[in-house]
Amino acid sequence: MKLVFHRLILKDLQSVLAYYTAQSGPELAECFSREFHEVVAKVVEQPRHFHFVSHGLRRANFPRFPFHLLYRETEGSIKILVLRHHRRKPGFGMERQ
């Protein structure tokens, strides 16, 4: 299965890592980074495991952090569209295709 990241995912990730580094130091940011990669791996391994939220998007929650990924599964590929905080505005990233 082909994995595709929206062009703004890196910006989303860098923003979260910068926040955790500033708040608690690099250890927490590294922990978040590892968990990000683990969640992405689970999405690739079992894309239909996660529930739909709207418009064909699925939501993969992080186990230890208040964040989730929104992604779309198409034939032969998974496109991760947004990384966002649970309390972020519900519309954040929904325009991404």
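Predicted model: local features only at pLDDT ≥ 70, side-chain atom pairs only at ≥ 80, totals over all residues.
1. **Helix α2.** The 20 residues of α2 should span 28 Å at 1.5 Å a residue, and the end C-alpha atoms are 29 Å apart, so the two values agree. The buried residues of this helix are Ala 29, Cys 31, Phe 32, Glu 35, Phe 36, Val 39, Val 40 and Val 43. Their cover includes β1 (2-5), α1, β3, β4 and β5. Please keep Glu 35 in mind, as it returns in point 6.

2. **The sheet.** Five strands make up an open sheet with mixed pairing, and their order is β1-β5-β4-β3-β2. β1 and β2 are the edge strands; each has a single partner, so one side of each is left without a neighbour in the sheet. From one strand to the next, the twist averages 35°.

3. **The β4-β5 pair and α1.** β4 and β5 run antiparallel and are joined by eight bridges. Arg 72 stands opposite Lys 79 in β5. Helix α1 packs on the sheet, where it touches β1, β4 and β5, and its direction makes about 35° with that of β5.

4. **The nonpolar core.** The largest nonpolar core has 21 residues, and those touching the most other members are Phe 32, Phe 36, Phe 62, Phe 67, Leu 69 and Leu 83. Two or more residues come from each of α1 (9-24), α2 (26-45), β4 (67-74) and β5 (77-85). With seven residues, α2 gives the most to this core. As a general point, nonpolar side chains tend to be buried together in soluble globular proteins.

5. **Arg 96 and Asp 12.** The structure holds three salt bridges. In one of them, Arg 96 pairs with Asp 12, and the closest N and O atoms are 2.7 Å apart.

6. **Glu 35 and Arg 64.** A salt bridge joins the side chains of Glu 35 and Arg 64, with 2.7 Å from N to O. Glu 35 sits in helix α2 and Arg 64 in the loop between β3 (57-61) and β4, so the pair links distant parts of the chain, 29 residues apart. Glu 35 is buried, with a relative accessible area of 0%, whereas Arg 64 is exposed at 56%.

7. **Glu 73 and Arg 48.** The side chains of Glu 73 and Arg 48 also meet in a salt bridge, at 3.4 Å from N to O. The pair links strand β4, which holds Glu 73, to the loop between α2 and β2 (52-54), which holds Arg 48; the two residues are 25 apart. Glu 73 is partly exposed at 23% relative accessible area, while Arg 48 counts as exposed at 64%.

8. **A backbone detail to look at.** His 55 is not a glycine, yet its phi is positive, at about 50°. This residue belongs to the loop between β2 and β3. At 68% relative accessibility, His 55 counts as exposed.

Definitions and conventions: Residues numbered from 1 in each chain as written. Heavy atoms only, no water. Core = buried A, V, L, I, M, F, W, Y, C linked by side-chain atoms within 4.5 Å. Buried < 20%, exposed > 50% of the residue type's maximum accessible area, 1.4 Å probe, protein only. Helix = DSSP H or I, 4+ residues; strand = E, 2+ residues; numbered from the N terminus. Salt bridge = Lys/Arg side-chain N within 4 Å of Asp/Glu carboxyl O. Expected span 1.5 Å × (residues − 1). Contact = heavy atoms within 4.5 Å. Pairing = 2+ DSSP bridges. Axes fitted to C-alpha atoms, helices over the stretch in contact; angles between N-to-C directions.
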